[in-house]
Amino acid sequence: MNALDRRAFCKLVGGGVVILVTAKPSELQAQQRRGYPEDLNAYLRIDENGRVTLFSGKIEMGQGVHTSLAQMAAEELGVPLESITMCMGDTDQCPWDAGTWGSLSTRMFGPAVRAASAEARTVMLKLASETLRVPRETLVVRNGVVTDGKKSVTYGELAKGKQIARLVDEKAVLRAVKDFTVIGRPTKRVDSREKVTGRAKYAGDVRLPGMLYARILRPPAHGATRTSLDTAKAKAIDGVTVVERDDLVAVLAPTPDGAAEALAMIKAEWTKPAAAFDHESVADAFVKNGGAGDVKTTKGDVGAAANAIETTFRTGYLAHAPMEPHTAVAEWKDGRMTIWASTQSPFGTRARVAQTLGLDESNVRVLTPFVGGGFGGKSAANQAVEAARLAQIAGKPVMVAWTRGEEFFFDTFGPASVIRVVSSVDDRGKIASWDYHVYGAGERSSEVLYDVPNVRLTSYVPRSSKLHPFATGPWRAPGAGMNVFARESQIDIMAAKAKVDPLEFRLRNTTDARLRKVLTAAADALGWKPGAGPTGQGRAIAASVDAGTYCALAAEVAVDKKTGAIQVKRVVAAQDMGIVINPTGAKMQMEGCITMGLGYVLSEELKFHGGDIADRNFDTYELPRFSAVPRIETLLIKNDDLAPQGGGEPAIVPMGAVIANAVFDATGVRMLRLPMTPARVLAAMA
Amino acid sequence: MKRKIDFKLNGKPAAVDTDDQRALLWVLRGDLELTGTKYGCGEGVCGACTVAVDGVAMRSCQTPLANVEGKSVTTIEGLERDGKLHPLQQAFIDHGAFQCGYCTSGMLMNAWAFLQKTPHPSRAAIVQEMDANLCRCGAHQRILSAIAEVAK
């Protein structure tokens, strides 16, 4: 950033002391950065009231980074947490960011926040030294006050009347773990009060003068073609505007229910394409259309395994089903488009809107209020493009708020998968070979994890494949839960065959200290009673590594042999995620993962016939409810030698395997397909 | 039918001149600009739009405005009194009983109405009463603990 740009930039973010930080080259590449501002990835401002504003392209969707990023800044700056204000997901003010996903906020953006904040502390110390006329070495910072023990000055006083911008690379000296006073302390969320009073604003809560609510004419199935259209009755309604532009047919009305009524007056006929497969035949379709596959890993020779065990696992398509459906408000004014969107990717949304409308990105601003859950589903932001198109056509602000039915249709779905494993175990209870074939789920967490001399991994049907009858996309830890369901189930199958306790079998097959530690910790906390399965106890263990974090889950279940219903009684999670920024936030994420995980494990599976989606609301697509939630205990394994790792996804990953393994331990029946519905459990036990 | 409907809203008189068959949810969020009550499913199967009508939890997306005529409606905005949080709200903060916050208004209103008529329920009774309210983030265990603390 040259001097002129920097002045313009400071004017935009406001006066005071502004600290800008550049990222490490590897991270630059990882994020494929582009756009304004060119050379930074984090910045903060200290104003004359001593308030610190931290700017971040990340968004808050419930995962708690609003709090943990503020904690990191407060720690390094030496200010109270309360003096930090977060400005997130505003493309005009915040540094470019690829998107909020992959448990990356703390891992990737965190170091930049800490560096910027540490550098800011250094700058403030220098200013204080000049102001107080004492040597810098004698000064310390506490709660935003710089002092040498005799004289003192506040950050606010130092920032007063200043217009300083400091650009630094990421080399500032960070505070040591032993000195932490904010990082590592269990902290209540900074968005608490807004969220319990109804004051927290989401995209659907934005109100602009003259704003209209849109409803869009939708096809009955993906791939359907419209053969007739009659909008006369809708046009006749007072106050309703009908938009017909290419493929876009919509009604605009002053109220959302008014728009729904007008949409119901539109008559359209459609033809649906023939269905290639449905939720039952999808597995055959994947295997038939999988092609030769792509061999990702080979080690040794998997060809000649004696007494090989072959197992095929499968899982269905999954809806993200955030409680807040996709919503956006767009305002077209003086050649500029401003959009408030529920999105995980404000900068991606800006690029898509600019491209669709033929605008320069500098004329599109995306703001991200609180997002009501994302789980990977709010990455594409099609609703923002729809709102922008309609606002431009109408010349008035327009809100597009997807109904639940639209959410269950236009949301991207986590892809179904088929996984075939052929593995063998020797007479010492050591895994001898591992030949792994994955269709649909992709390769995340498909590594064998244990010490195996002969390994092959082949992946068929990438996640992005056009094979799917509707759009697919990342679903919390994309594909990892499916791969680990297969792997950790197969490990248990081998342990049972070798007549070895499943915990002992895992420990026998790994020298990885972090893995051994989480396995042992989870088992101990559960009160593990050794024994080769099935023991009848209904207890089990499974582990995975995801987003740099090791997680082991131990669980206890009861299976109703009359109904086939699985009641999960207890889940204990042990997680090693390196330095923990906010233990409370980390535990909330672990509990959230385990609870959400109950869904894809026990009840969730999208039902469809080709592009025709059968599940359009929560009456048939079953989310986990209070009555399904077990007692959840979470343990954080201390590992302060490791930088903070991911926390939003790891604990959901072993859920399928740990519950399937526990069902086996309870009943002797091995469940090979998720979700394990009562009907499937009954069928397996018959 | 378009007409004037009078009712009490968070303790104060309110009047709306509109079609009396409109869903209370849209009247609250639009005409009355109380956006704390959320749309989640539109069919009364998720609980995000829960409000209390004469102290009873109702799905506002399924409640025609005519049904609240002359009655007392309480929304999430009505729980706080003189800047002081209701004990349930405080318990939700203390227990970290939310993540994205979108289902939170409905959770609080459902629990609030329940505790009005049953001040000291068992944990099992709380589970049963809250079972039709959905949360996707998985804050369930903390929501139960927060309600249980107030129900002691």
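Colleague: Which residues have the most contacts inside the largest nonpolar core?

Modeller: They are A:Ile339, A:Ala387, A:Ala522, A:Leu553 and A:Ile659, in a core of 258 residues. Helix H4 (residues 105–132) of chain A gives the largest share, 11 residues. Bear in mind that this is a predicted model, where local features need pLDDT of at least 70, side-chain atom pairs count only at pLDDT 80 or more, and totals for chains, interfaces and linings use all residues. Residues are numbered from 1 along each chain as its sequence is written, and chains are lettered from A in the order in which they are written.

Colleague: What makes a set of residues a nonpolar core?

Modeller: Its members are buried Ala, Val, Leu, Ile, Met, Phe, Trp, Tyr and Cys residues joined through C-beta atoms within 7 Å. Buried means that 20 or more other C-beta atoms lie within 10 Å of a residue's own; 12 or fewer makes it exposed, anything in between partly exposed, and C-beta atoms are placed from the backbone.

Colleague: Which residues does A:Ala387 touch?

Modeller: Leaving out residues up to four places away in sequence, A:Ala387 touches A:Ala328, A:Val329, A:Ala330, A:Ile339, A:Val398, A:Met399 and A:Val400. Contact here means C-beta atoms, placed from the backbone, within 7 Å.

Colleague: Why is helix H13 of chain A called largely enclosed?

Modeller: Because 17 of the 18 residues of H13(A) are buried, the rest of the structure largely encloses it. Helices (H or I, at least four residues) and strands (E, at least two) are DSSP runs, numbered from the N terminus.

Colleague: What makes chain A as compact as a globular protein of its length?

Modeller: Chain A has 18 helices and 30 strands. Its radius of gyration is 27 Å, close to the 26 Å from the globule rule for 686 residues, so chain A is as compact as a globular protein of that length. That radius is taken over C-alpha atoms, and the rule is 2.2 Å times the number of residues to the power 0.38. Of the 686 residues, 56% count as buried.

Colleague: How many residues at least 6 apart in sequence make contacts that reach at least 24 apart, as a percentage of such contacts in chain A?

Modeller: Of those contacts, 77% join residues at least 24 apart.

Key: Contact = placed C-beta atoms within 7 Å.
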